[in-house]
Amino acid sequence: MSLFKKIFSSEKKETLDKGLEKSKTTFFSKLSKAVAGKSKVDDDVLDNLEEVLVTSDVGVDTTLKIIERIEERVSKDKYLGTEELNQILREEIAGLLSATNVGEETDYVIPADKKPYVIMVVGVNGVGKTTTIGKLAYQFKKKGFKVVLGAADTFRAAAIDQLQVWADRVEVPIVKQEMGSDPASVAFDTLKSATSQNADVVIIDTAGRLHNKVNLMNELSKVKRVMQKVVGDAPHDVLLVLDGSTGQNAFEQAKQFTKATEVTSLAVTKLDGTAKGGVVIGISDQFQIPVKYIGVGEGIEDLQVFNKYEFVDSFFK
C-alpha cells in the first residue's frame with residue numbers, strides 16, 4: 001500500500017517496531033483466538049473482533065467505527081477470509097486515522113514565523129511529562145534550534161530538580177524560581193529570557209494537579225495571559241502528555257484536561273512497557289487533537305514524532 005511507504009529511517013522504524021512489541025503480541029494472540037476455526041469473516045468473527053479491539057484499549061467509539069467499516073467491506077466483497085482480516089484491519093484503521101489531516105509529520109519541525117515558538121506542557125504527575133520535555137529539548141537542539149526551558153511546575157521541588165537535570169543533560173538554559181513561586185511569574189521570566197537570547201523554542205512545564213478542575217483552569221489561564229504580555233500569541237502549542245500504559249485512564253485524563261484548557265496536541269508515553277498501544281488509535285480518533293509524539297523507550301532518542309502510517313505499519317507488521 002502506498003500509505004505505508006518508508007518515511008522513517010530504518011533505525012527509527014526498528015525502535016518503533018520494538019516499542020510496540022508487547023501491544024502487537026497481545027493483540028494478535030487475541031485476534032488468533034477470535035478467528036480460531038473460522039474460515040470467513042461472519043457475525044461471530046465481528047463480535048469477537050469487537051471484543052479484541054475494546055480490550056486492546058482502542059476505545060468503544062473507535063472500535064464501533066472500525067467494525068462498521070469492516071462490515072461494509074464484508075457486504076461489498078461478499079466473501080472475506082479470516083486470513084485477510086489482518087490486512088483489512090490495517091487498511092481500515094489507517095483509513096480511519098487518515099480522516100484527519102494530522103499525524104503525517106516525520107520530523108521535529110516548528111513554524112518559521114513563530115519565534116520563539118512557545119510550547120506549554122500539561123499533564124498529571126507521573127505520566128512522563130518532565131522526561132518528555134527533556135527529550136523534546138534534545139530533539140529540537142539536535143535540529144539546530146536554540147531551546148530554553150521554564151520550570152513553572154512550582155508545587156513540587158522534585159519537578160524543578162528533575163527539569164534541571166534534563167537541562168544539564170541536554171545543555172540548554174533553564175529559568176526557575178523557588179518551590180511555591182507563582183507559576184505565571186516563572187513563565188513570564190522564561191519568555192523574557194528566551195526573547196533576549198533570541199531563542200527558537202521555549203518549553204514550559206506546568207503543574208499536574210487534577211483534583212480541582214477550576215483551580216487548574218484558572219492557573220493555566222493565568223500562565224497563558226502572563227506569557228502573552230511578552231509573546232502576544234503564546235502559547236503556540238498546548239501539549240498534553242498522557243501515559244499510554246494506563247489505557248482507558250489516559251482517555252479520562254484527556255477528557256478532563258480538554259475541559260480545563262484548550263489542548264492543541266498530545267504526547268503518548270510509555271508505550272514500550274505496555275500491551276495498551278491501541279490507546280493511540282482511539283485517542284487520535286476520539287479527540288480530534290493530533291497525537292504529535294509517542295514514547296517508545298527509555299532512551300533519549302526514543303521519543304518519536306507520531307506518524308499514523310508508520311504506527312499502523314508497525315502495529316500490524
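Biologist: What makes the contact between D313 and R90 a salt bridge?

Modeller: The term requires a side-chain nitrogen of Lys or Arg within 4 Å of a carboxyl oxygen of Asp or Glu, and the side chains of D313 and R90 meet at 2.8 Å, N to O, so the pair qualifies. The pair also links distant parts of the chain, D313 lying in helix α12 (residues 308-315) and R90 in helix α5, 223 residues apart; helices here are DSSP runs of H or I of at least four residues and strands are runs of E of at least two, both numbered from the N terminus. Salt bridges that share partners join K13, D17, R90, E310 and D313 into one network. This is a predicted model, in which local features need pLDDT of at least 70 and side-chain atom pairs count only at pLDDT 80 or more, while totals for chains, interfaces and linings use all residues. Residues are numbered from 1 along each chain as its sequence is written, and side-chain values use heavy atoms, with hydrogens and water left out.

Biologist: Why is K24 counted as buried?

Modeller: Buried means under 20% relative accessible area, exposed means over 50%, and partly exposed lies in between, with a 1.4 Å probe and protein chains only; K24 has 9% relative accessibility and therefore counts as buried. Its salt-bridge partner E21, at 4.0 Å, N to O, has a relative accessible area of 39% and is therefore partly exposed.

Biologist: How are K24 and E21 placed in helix α2?

Modeller: They are three residues apart in helix α2 (residues 21-35), which means a separation of about one helical turn.

Biologist: What makes K276 and D57 a salt bridge?

Modeller: Their side chains meet at 3.7 Å, N to O, and this pair joins distant parts of the chain, with K276 in the loop between β6 (265-269) and α11 (279-287), and D57 in the loop between α3 (43-55) and α4 (60-77), 219 residues apart. D57, at 8%, is buried, whereas K276, at 29%, is partly exposed.

Biologist: Which residues have the most contacts inside the largest nonpolar core?

Modeller: They are L89, F140, L149, I203 and I294, in a core of 102 residues, the largest share of which, seven residues, comes from helix α5 (residues 85-98). A nonpolar core is a set of buried Ala, Val, Leu, Ile, Met, Phe, Trp, Tyr and Cys residues joined through side-chain atoms within 4.5 Å. Leaving aside neighbours within four places in sequence, L149 is in contact (heavy atoms within 4.5 Å) with residues including I133, L163, V175 and I203.
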